[in-house]
Amino acid sequence: MRSQMTYQPAPELGVAWRMVPRFLSVLILVVAVIIVVAVFRPLTARHKALEERLAELKSTRSALQQKKGDLKNKLGWIKHDAGYLEVMARDRMPTPVSRVGEQVIQFK
C-alpha cells in the first residue's frame, strides 16, 4: 500500500527568525563600513601630510621666485647702471674711498 503524502504548511517561524535577514544585512553593512574606514584612514592621513608639504613647497617656491626677481633686478642694475655699481663698490671698501674734491663723512 502506498502511503499518502499530504501537504502540511511549514511551521510558523518565530519573530526572532524573521529578523535574522535584516540583522545580517545590517551586520554586513557595518563590517563593510569598518573595512572601508580601515583601508582609507591611512590614505587620508597621508593625503593631509602631502597637502601640508605641498603648501610648504609652494611657499618656498614663492619666496625663491621673489629672490630670483630681486637678483635679476640687481644684475640689471650692475650691468647697466654705473652709478649703482659705484655705490656698491664704495660700500664694500674697508676704507672710505672718495673722488677728487669729495669729502667722506662717516657716522659711528
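Reply: Ile-28 counts as exposed because its relative accessibility is 60% (buried is under 20% relative accessible area, exposed over 50%, partly exposed in between, with a 1.4 Å probe and protein chains only). This is a predicted model, in which local features need pLDDT of at least 70, side-chain atom pairs count only at pLDDT 80 or more, and totals for chains, interfaces and linings use all residues. Residues are numbered from 1 along each chain as its sequence is written, and side-chain values use heavy atoms, with hydrogens and water left out.

Me: In which helix is Ile-28 found?

Reply: Ile-28 lies in helix 1, residues 15–80 (helices are DSSP runs of H or I with at least four residues, numbered from the N terminus).

Me: What share of the 108 residues counts as buried?

Reply: Of the 108 residues, 1% count as buried.

Me: How is a salt bridge read, and how many does the structure hold?

Reply: A salt bridge is a side-chain nitrogen of Lys or Arg within 4 Å of a carboxyl oxygen of Asp or Glu. The structure holds one: Glu-56 pairs with Arg-53, their closest N and O atoms being 3.1 Å apart.

Me: Why are Glu-56 and Arg-53 separated by about one helical turn?

Reply: They are so separated because they stand three residues apart in helix 1. Glu-56 is partly exposed, at 47% relative accessible area, and Arg-53 is partly exposed at 43%.

Terms used
Helices (H or I, at least four residues) and strands (E, at least two) are DSSP runs, numbered from the N terminus.
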